[in-house]
Amino acid sequence: MSRIKNAFADGKALIAFLTAGDPTPEDSVRFVLAMEKAGADLIEIGVPFSDPVADGPVIMAADQRALAGGINLKSVLDEVQEIRKTSDIPLVLLTYFNPIFVYGAERFFEDCRKAGADGVIIPDLPFEEQGDVRPYADRCGVDMIQLVAPTSKERIQRIARAASGFIYVVSSMGVTGMRDGMQGDLKETLRQIRQVSNVPAAVGFGIHTEEQAALFASEADGVITGSAVVDIIARHGKSVDDELSDYIKKMKKAVR
Amino acid sequence: MNHRFGSFGGQYIPEILMGEIQKLEKAYEVYKKDPDFIREFRDLCINYTGRPSLLYEAKRMTEDLGGPKIYLKREDLNHTGAHKINNCIGQALLARRMGKTRLIAETGAGQHGVAAATIAALFGMECEVFMGETDTERQALNVYRMELLGAKVHAVTTGSRVLKDAVNAALQNWTARCSDTHYMIGSAVGPAPFPEMVRDFQSVIGEEIKKQILEKEGRLPDSVFACVGGGSNAIGTFYPFIDDKDVELVGCEAAGKGIDTLYHAATMAKGVPGVFHGMKSLFCQDDSGNISEVYSISAGLDYPGVGPEHAYLKETGRARYVPVTDEEAVAAFEYLARTEGIICAIESAHAVAGAMKAARHMDKNQIMVITVSGRGDKDVAAIARYRGKDLHE
């Protein structure tokens, strides 16, 4: 069984996101391991980018901090390799497309495989534009995680049919960031996905409280929390470990 | 629909916007052929903008330079003072037909923001403009103009606080609210269908040049010059001449303090292929694919990318692109003011400077057209500062 499948094998999954290299690569590796220990089932590692247009202010600021420290795609792959020395937690890289394009898609997916990254989310590479890179991902056994949004409508099933790993269901309109409430008809979106695919569906964007986590987990196969984690790291810096573990434990309990 | 210009172009945008972009694409396919739409567009171009704009023979400049006969395409005489209004009319008509009630736009120098605010006022639509904080400072007059026209101006404080960051903010805003909102991109950039759509609405420039020069000279020009940031006035100028292989097409981009310094926005000279702001094109970027902070005295050319069709025209050799420094642009700005009594936009001054350089190597029996994309009132204070005079705006 692939590592990503493992994440969903034992009940609902808690997926946590953090920005690589914020505040340093060594810290990120430690945070990933700490979150695993606290109960996170899958970790999304954000590759810092100069202009993260799908992200809100919290992640934009984290990207800037990490870039100031000289992080790039190559060093994030090194972090993955470092984590893999001691952990089997499923790891998915979240990166805008330009860093991959410049790195070379073929080389990138090959290096993902070597480092032990299980999947890749590319927020600015919609389904229709994936043709050039998908064959490399498939050949390397790296899942291209598909996104489905409240506006995807008639494209939901087309996207779901091609999905592997898990499906990232965007809970609401806008950029990433903590907010309340829910837009679109999540139940209907999930129903449409499940008609054509048995790939697990996890909901993300805006999720930061236990109540939200429990609510979304009652419908979906997993819940993604990102900006809240990045915000905790930003507020506590290097000595964040306890706060981070507490938050993950709390959220994991809520999704169970 | 083909989204590409050679390998450039495409639709590299978040999934949230894909549904909206596909709707826009379908709507544009329908309305660009719709006689009512075309009639309304032309009517506003004539009766609101004041088209056709003049093709003015710059006799003193021609005589002074001693080279080719020089014509200026006077987009600066349009209502709102620049070519940007052409595109805004087209996109606002389309947005209205799609049932949108709110327009958002990015702006660099403020010319597109002013044009967007103007059309929103005319159409009774809501308008919000995103502008880098640095640009709101160097173009304070245009900020107030937009507010006078009823638009809300957001000063963007992320990144280097210029045009690139304004586009990011507008895209983010559109992601949050697209059901009632059209994002009126101001240049020939972004995901398909924007580059094609903006080109089509701006092609009125080149079409008029062609007609006017045939009337005046009975033949096509030898060279056509336009400034290039994202490249909307340039593609509008060039496009109708693409099949006229004897007409040389020259884009003038911002070299800031020089292309061998860190302070330039010369995407054609220094950029490499990449994917950003919805399109595959050329971008100034670092080895890791992070987009560079670029620099130009001209807020309108201060952009790290270029429209995908320009990248294609460069690749195929159909157009050539030359860098023009701040110093050269300011000198051309002053030269045109003193020689022809025309205060052009600092963006347009890049085209004038590039053309003046090329004119040295051309003959008297040749003809050159320079598109003056906008007027320079907005730049007077900045040019004074450049020359060491502090005006109190």
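Buried, in this talk, means under 20% relative accessible area, with exposed over 50% and partly exposed in between, using a 1.4 Å probe and protein chains only. Helices (H or I, at least four residues) and strands (E, at least two) are DSSP runs, numbered from the N terminus.

Now the ground rules. This is a predicted model: local features need pLDDT of at least 70, side-chain atom pairs count only at pLDDT 80 or more, and totals for chains, interfaces and linings use all residues. Residues are numbered from 1 along each chain as its sequence is written, chains are lettered from A and ligands numbered from 1 in the order in which they are written, and side-chain values use heavy atoms, with hydrogens and water left out.

Start with helix H11 of chain A, residues 227-236. Which of its residues are buried? They are A:Ser227, A:Ala228, A:Val229, A:Val230, A:Ile232 and A:Ile233. What do they pack against? Contact here means heavy atoms within 4.5 Å. The partners in chain A are S1, helix H2 (25-38), helix H3 (57-68), strand S9 (222-225) and helix H12 (241-255). After H11(A) comes A:Gly237, with a positive phi near 60°.

Next, chain B as a whole. DSSP gives chain B 16 helices and 14 strands. Its C-alpha trace spans about 55 × 45 × 40 Å along the principal axes. The radius of gyration, taken over C-alpha atoms, is compared with a globule rule of 2.2 Å times the number of residues to the power 0.38. For 393 residues a compact globule would come out near 21 Å, and chain B has 19 Å, which agrees. Of those 393 residues, 65% count as buried. Among chain B contacts with a separation of 6 or more, 74% are between residues 24 or more positions apart.

Surface and charge. Accessible areas come from the Shrake-Rupley method with a 1.4 Å probe; for residues, only the protein chains shown count as cover. Chain B exposes about 13,900 Å², and carbon and sulfur atoms supply 51% of it. For charges, Lys and Arg count as positive and Asp and Glu as negative; His and the chain ends are not counted. Each charge is placed at NZ of Lys, CZ of Arg, CG of Asp or CD of Glu. Chain B has 45 positive and 52 negative charges, and their mean positions are 2 Å apart.

On to the aromatics. Rings of Phe, Tyr and Trp (its six-membered ring) pair if their centres lie within 6.5 Å; planes under 30 degrees apart count as stacked, over 60 as edge-to-face and the rest as tilted. How many pairs does the search find over all chains? It finds 17. Take A:Phe8 and A:Phe166: the ring centres are 5.9 Å apart and the planes sit at 45°, so the pair is tilted. A:Phe8 is in the loop between helix H1 (3-7) and strand S1 (13-19) of chain A, and A:Phe166 in the loop between helix H8 (156-161) and strand S7 (167-170) of chain A, so the pair ties together parts 158 residues apart in sequence. Both A:Phe8 and A:Phe166 are buried.

A second pair: A:Phe108 and A:Phe109 have centres 5.0 Å apart and planes at 70°, so this pair is edge-to-face. A:Phe108 is buried at 0% relative accessible area. A:Phe109 is buried too, also at 0%.

A:Phe109 sits in helix H6 (residues 105-115) of chain A. Setting aside neighbours within four places in sequence, A:Phe109 is in contact with A:Val120, A:Val133, A:Tyr136, A:Ala137, A:Cys140, A:Val142 and A:Met144. In chain B, one aromatic cluster is formed by B:Tyr28, B:Tyr31, B:Phe37, B:Phe41 and B:Phe201.

Now a residue that touches both chains. B:Thr175 lies in helix H8 (residues 163-176) of chain B and is buried, at 3%. Not counting residues up to four places away in sequence, B:Thr175 touches A:Met173, A:Gly174, A:Val175, B:Ile16 and B:Leu17.

Last, backbone geometry. The peptide bond from A:Asp22 to A:Pro23 is cis, omega near 5°. A:Pro23 is in the loop between S1 and H2 of chain A. B:Ala192 and B:Pro193 are also joined by a cis peptide bond, with omega about 10°. B:Pro193 is in the loop between strand S8 (181-183) and helix H9 (194-202) of chain B.

Where is B:Thr80? In the loop between strand S4 (69-74) and helix H4 (84-97) of chain B. B:Thr80 is not a glycine, yet has a positive phi of about 80°.
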